[in-house]
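Visitor: I would like to learn how to read the features of a structure like this one. Please show it to me and start with the terms.

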Amino acid sequence: MATLSSSNQACSSSSASSIGLHQIRKINHFSAVSQKRLGSKNVSFRSKCSPLPNAILMQDGALAAKIAATNEAPPGKLKETPPQELERSIDSDSMGDKFTVSITVVGASGDLAKKKIFPALFALYYEGCLPQHFSIFGYARSKMTDAELRNMVSRTLTCRIDKRENCDEKMEQFLSRCFYHSGQYDSPENFVELDRKLKEHEAGRVSNRLFYLSIPPNIFVDAVKCASFSASAAKGWTRVIVEKPFGRDSESSAALTSALKQYLQEDQIFRIDHYLGKELVENLSVLRFSNLIFEPLWSRQYIRNVQLIFSEDFGTEGRGGYFDHYGIIRDIMQNHLLQILALFAMETPVSLDAEDIRNEKVKVLRSMRPIPIDDVVIGQYKSHTKGDVSHPGYTDDKTVPNDSLTPTFAAAALFIDNARWDGVPFLMKAGKALHNRRAEIRVQFRHVPGNLYNRNIGADLDRATNELVIRVQPDEAIYLKINNKVPGLGMRLDRSNLNLLYKTRYSKEIPDAYERLLLDAIEGERRLFIRSDELDAAWSLFTPVLKELEDKKIIPEYYPYGSRGPVGAHYLAARYNVKWGDIGIDE
């Protein structure tokens, strides 16, 4: 962000230059940044709360550290920190009193801040993942005192089930670091006042500032503009976390990116997709690239189809007005499911460096075939009564127009036109008000050629197909469906699961996705955040079919609240000789 005059005129200027901070070199999560802007380097706090992310614990207990690849700054930007200064800066203990991190939650009175952001920050504090000196500011239009903010936040804070020691004491310590400032999102004066309060708590230390925009997208740019001119860090880094939606089509997304880049460099923008922070999505590349049994099978030669499934057992309930402007394709498929698909299908990256991983994801997205409208099915839930319980339909919501055609369910068949995945259907479906809540990846393998046991299996070859299931939520698990002989004198085959159920294998409570993503943003780790060219490629894939659906006013297929969704989704799968895996007998 700009480190400029904090005058009132600065924020309202219409011709601000593009000013930002480039991360120059990254070694074991330590970012060395030019003295010109930072003076010393950023410190990783992750080692306090968990093993180093780039280290492998070997079977004999030895720790094999891996050095991340370096990121060179573009010519003409910032010069590198000298090696001797980099070595001195890695001593985090000596730097603890010199640096501070100020986290400002913009939109602090909203549900996302109360239910996710503040609890995630407390969890990081409890685990010892935050730096020695930090402060958290809530910023919103609502009038509130520090005490009122702390009271509001305290209602949503909990300690992990497996870590209750000193919970109340930790909460008090955390809340004492939380403060509030009321202001308008487009007011330069209010952000100047925020800057003054931040400096008071930073107490002369080198300040690093993180702004989390938990606000509607139509005021993103106003908030970024004012924060850039009036509340950016003078010597340390400044970063901004941006929540989806990132536009609603290619044009609006590009306009938002262009507007943000008037005040931020690309490496200051952290576009958050919380699904990328989920434990099983994080484990996806580990499962594939560190297990020899899977990597050779990860291609068209052995995989028949891949299914990405998202379902919720509740409707829009309270979000009808927002949801009707976007619909299920924009809300879930274009971001959450497509990002998981890219991670699943990408080639082996050069390293675990953020840019290497994101480069491979972009290649996948750019290789995807345009989606014809015939390969998309949309639906909308209607009211349904089961027993004594009556559930309203989507258009029964008072915030939704009675004639709304916005889909609450969608299924699509996607294809990647490259050597690895040519001809393999990737089937997506996402919906609200369905029969259960789940998010999972299902990998169905090809049939065994010349199977000796066909007579024992019967006519349903799909029952004999191996299937790998990665359940993202709930009850996180990875299981592989195999064929097995039932004990006894006869030859009867059964389908069994080789099952890794996380809650039985690991006693530790799984961190919330926001914890991981917030910690990554503080440390400058961009691997799980979306780059602008990724966003462009994702919208380029979905914008044409969304435009066609809306221009032709395609009427969604109606399905009862609590059902399995529209019948059309099954016809779509059958067209590619696929059965949805989540509706089989085994499920």
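Guide: Start with exposure: a residue is buried under 20% relative accessible area, exposed over 50%, and partly exposed in between, with a 1.4 Å probe and protein chains only. This is a predicted model, in which local features need pLDDT of at least 70, side-chain atom pairs count only at pLDDT 80 or more, and totals for chains, interfaces and linings use all residues. Residues are numbered from 1 along each chain as its sequence is written, and side-chain values use heavy atoms, with hydrogens and water left out.

Visitor: Is Lys553 buried or exposed?

Guide: Lys553 has 58% relative accessibility, so it counts as exposed. Its phi is positive, about 50 degrees, although Lys553 is not a glycine.

Visitor: Where is Lys553 found?

Guide: Lys553 sits in the loop between H17 and strand S22 (557-560). The labels work like this: helices (H or I, at least four residues) and strands (E, at least two) are DSSP runs, numbered from the N terminus.

Visitor: How do I check the length of helix H17?

Guide: The expected span of a helix is 1.5 Å times one less than its number of residues. Helix H17 (residues 532-551) has 20 residues and should span 28 Å; the C-alpha atoms at its ends are 27 Å apart, which agrees.

Visitor: At which residue does H17 bend?

Guide: A bend at a residue is the angle between two axes, one fitted to the seven residues ending there and one to the seven starting there. In H17 the bend is about 35 degrees at Phe542, and a proline, Pro544, follows within four residues. The buried residues of H17 include Trp539, Leu541, Phe542 and Val545.

Visitor: Now salt bridges. How many does a search of the whole structure find?

Guide: The general idea is that side chains of opposite charge can pair when their charged atoms come close. The criterion for a salt bridge is a side-chain nitrogen of Lys or Arg within 4 Å of a carboxyl oxygen of Asp or Glu. By that test, the whole structure holds 32 salt bridges.

Visitor: Which residue meets Glu282 in a salt bridge?

Guide: Arg516 does, with 3.2 Å from N to O. The pair links distant parts of the chain: Glu282 is in helix H11 (residues 279-289) and Arg516 in helix H16 (residues 513-523), 234 residues apart. Glu282 is buried at 18% relative accessibility, and Arg516 is buried at 14%.

Visitor: Which residues are linked with these two in a network of salt bridges?

Guide: The network links Glu279, Glu282, Arg516, Glu525 and Arg527. Within it, Glu525 forms a salt bridge with Arg527, and their closest N and O atoms are 4.0 Å apart. Glu525 counts as buried at 5% relative accessibility, whereas Arg527 counts as partly exposed at 22%.

Visitor: What is the N to O distance between Lys481 and Glu467?

Guide: Their side chains meet in a salt bridge at 3.6 Å. Lys481 lies in strand S19 (residues 477-485) and Glu467 in strand S18 (residues 467-473), so the pair ties together parts that are 14 residues apart in sequence. Lys481 is buried, at a relative accessible area of 3%, and Glu467 is buried, also at 3%.

Visitor: What is found in the loop between S18 and S19?

Guide: Pro474 lies there, and a cis peptide bond joins Gln473 to Pro474, with omega about -15 degrees. Asp475 also lies in that loop. Its phi is near 50 degrees, a positive value in a residue other than glycine. Asp475 counts as partly exposed, at 39% relative accessibility.

Visitor: Which residue does a cis peptide bond join to Lys244?

Guide: It joins Lys244 to Pro245, and omega is about 10 degrees. Pro245 is in the loop between strand S9 (238-243) and helix H10 (250-260).
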